[in-house]
Structures are given as structure tokens and as C-alpha cells.
Amino acid sequence: MATSDAMHQQTRSLSSPRSIPAHAPRARAEFAAVPTNFYRDMVRGMRNGTVAITREGRVAVFNEEAYRILGLSPQPDDIGRHFGEVLGPRSEIVRLFANAFDVAHLPSRAEMRLKDSGRVIGYTLSIVRGERGSANGAALFFKDLTRVEQLEERERLRDRLAALGEMAAAIAHEVKNPLAGIEVMAGLLKRRVPDDPDTQSLLHDIIQEAKMANAIVIEVLEFVRPIRLQVDHVSLAEVIDDSIRMAESLVPRGTVRVDRLLPTDLPRLEADGHQLRQLFTNLATNAFEALNGYGRLSIRAWESADEDRPGDSPSIVVELKDDGPGIPEEVRDRVFSPFFTTKPRGSGLGLAIVRKIVDAHEGRIDLSVEPTGGTTFRLVLPTRPTDHEEATGA
Ligand SMILES: Nc1ncnc2c1ncn2[C@@H]1O[C@H](COP(=O)(O)OP(=O)(O)OP(=O)(O)O)[C@@H](O)[C@H]1O
Ligand SMILES: [Mg+2]
């Protein structure tokens, strides 16, 4: 009985304004005294981008985060100007505001990609209404989702790789033994027909093909095996030099010029040197293949504070840029996927392995294509990963 009484009282106190404590009116009076620039400061410091316009289309609010996300630099007379002039190059946002007062359903928690910068923003558009409901303006609140999107994409890729990896490992394992059998039996048969050059030649081809199939199986197994990093203090310059030599031994370099711009005072990386050699060998091999004997590969590196890991050890940014044919837009998203290749004898694992090694080092890699042709891979590697003992599953 007592419990039900208490519950009854609680319900009443939640729904009835009479239950507001006696000191509330005084608190309200104090609140009214909050200085008006409180709102301005609140908007300015918000961690959302905020842009608001008046009914006439003049910019009323444009906070710091909005400038940052949109990649615009603040001008002293922005407030009061027409939004089209201030937002000029960000045509997607201009269009949003231009239609703000006409659309039936205002977008809420919508997403869009800004064409120029490739950034993805999540946004909500609201109408600023006066007391009688008149539409006095429009306000856009937005957040930079680029990093979130990258993480989600990486997560999705990791899931895909895990499923794919298990299947590939099982198949590779099953295929290995019969392949070895074919090779051995073809060898035995070859010895039985010493005087039959035609049959000998056929058997030789069978053995070669079986060897190649076996090499692919080994590569797949290598790819799906989880990476366990053997961390050491690694000099990036040494790793890159070794990798260029290795790539040269795999693909004829021709007259390709390799420029390396690596500051002598770059900090050493706490990383797995062997894995990093493989990573840069794969990237350089791809560049040599794309350049087909002509052109230039330039490798630059510099130290940078990582904006995503404030307070952490610095990162090293490495950029590999070739002036080859570039990568067509429609396949750009797929080049890191395992088995994606445009080469007649490629396995399509090169960049998938690169991504896996970068992930294991808690780094990032992205790809951009130059308007003038050519491909740039940009890597960010923390000098000291936080968790380098952990094995990263495929
Ligand atoms: N520097 C580059 N220039 C142009 N295209 C590239 C470049 N790097 C990669 N690619 C494209 O990405 C695809 C995938 O590359 P990846 O290294 O994963 O596989 P692959 O080179 O085809 O085969 P593998 O490396 O296994 O021998 C390539 O087939 C090619 O189309
Ligand atoms: Mg490759």
C-alpha cells in the first residue's frame, strides 16, 4: 500500500507543475539575467558547425567549426552578407539554404558529401520561427562525419575480410595437397617418358602451372593469416630504400626516376620493419607497373601531430606519388579490396595487404588521383602505436 502511494505521488509530481520546488521562481529570475552574449558565445563555441540566415538570405550566424568543416576562411564582413556570397564554393550548402523555405520536409540527420573536399557531413536544417510562427530564418547544424565514415568502412572491410579469410584459408588448405600431388605425379611421369619430347614438354607445363597455383595458394594463406607485429625501432628511410630495391627486382624499372624527399631528422617508428618493407614494396611495385618504364615516382615524408590523436606521439606522413595513368573514379573504392585487379597476372592482394599492415600499425592510408593524371597514396603512421602487441585478424 505504501509503495503504491509513493508511486502515485511520484506520478503526480512528474506531471504537475505545482510540484516545482518553492525556490524555482528566484532561479528563473536569475536566469533571465544571463547576458545576451551568452547565446552568441554558446553558438561560437559549439562543436557542431552552425550557419543561420535571415528570411532575406543574409548570414546571421557562422561559427568557427562551420568555417573549419567547410574549409572556408572567415572574412570580417561575412555576417550580414548574402549567404550565396559567403558560401560561394560550397554549392551544396547554398542549394540547401536556397530551398530552405520551400521544402515540405526539412532534412534531419541527413548526410551529404561535399564535392570539393570529399568530406562527409551529417546535418539538420531547421526554420527559425518567431513567436507567431512566422519563418524568420533558417539554421543549419552539421558535423564532420568523414572520420566516422572511414572507421565504419574499415570496420565493414574487416568483417568482410574475416569471413572471406576463413573461407579462403579452408579452400587453400584443401587445394594445397592435391596440387602437391599433381606436381609430384607429373614429375614421376616425366621420368617415364625420357624419349618423348612432346609429352615431356606438356608435363613440364603441367608442373609449372601447378607451381603457380601453389604460389597463389601460399599468397592467399599469407594474406588471411593474422598479423602479429614484431615491433622494433625502424628507420623509414632504410625501409623505403630496401623496398625500392625489392620492387625493382620484381618489376623492371626502366627509366623511371625515383625521387625521395625524406628529412634526415625523421623520428624512428616503433613498427614491424619486415611488414613495412612489404607495404612499401607493394606500393612501389604498383607504381612501377603503372608507369611501365617511364615517368617519375616521388616519395616524401614528414612528421606531423596527428589531429585524430591529440596528445599522442606524433605521426609520420608518407606520400607516394606517381605520374602514371591514375585510377579511374569508378574503381577507386575497390582497389583495396582483396582480389581486385586490372592486371592479367595480378592477384589483387597487393593493396589489401597494404591496408592490413597499415591497420595493424594503427595507421591510415588513402588515395587521391591527380587532375593531371597520376596516383598519390598517403599514409599516416603513428610513431608509437598504442597497442602494438595485439594481433590483427584478417
Ligand atoms: N599506382 C597505381 N597506378 C594505377 N593503378 C594502380 C596503382 N596502384 C594500384 N592500382 C590499381 O589497383 C589495382 C589493385 O592493386 P593491387 O596491388 O591490390 O593488385 P595488383 O597489383 O593488381 O596485383 P598484385 O599486387 O597482387 O600482383 C591494380 O590492379 C591497379 O588497377
Ligand atoms: Mg600490386
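**View 1. Ala-247 counts as buried because 22 C-beta neighbours lie inside 10 Å.** Here, buried means 20 or more other C-beta atoms within 10 Å of the residue's own, exposed means 12 or fewer, and partly exposed is in between, with C-beta atoms placed from the backbone. This is a predicted model in which local features need pLDDT of at least 70 and side-chain atom pairs count only at pLDDT 80 or more, while totals for chains, interfaces and linings use all residues. Residues are numbered from 1 along each chain as its sequence is written, and chains are lettered from A and ligands numbered from 1 in the order in which they are written. You will find Ala-247 in helix H9 (residues 236–250); helices (H or I, at least four residues) and strands (E, at least two) are DSSP runs numbered from the N terminus. Leaving out residues up to four places away in sequence, Ala-247 touches Thr-281, Ala-284, Thr-285 and Phe-288 (contact: backbone-placed C-beta atoms within 7 Å).

**View 2. Strand E9 (residues 296–304) pairs with strand E7 (residues 257–261) and with strand E10 (residues 315–322).** Pairing takes at least two DSSP bridges between two strands. E7 and E9 run parallel, joined by 5 bridges, and Arg-257 has Arg-296 as its bridge partner. E9 and E10 run antiparallel, with 8 bridges; there, Glu-303 stands opposite Ile-316.

Key:
Contact = placed C-beta atoms within 7 Å.
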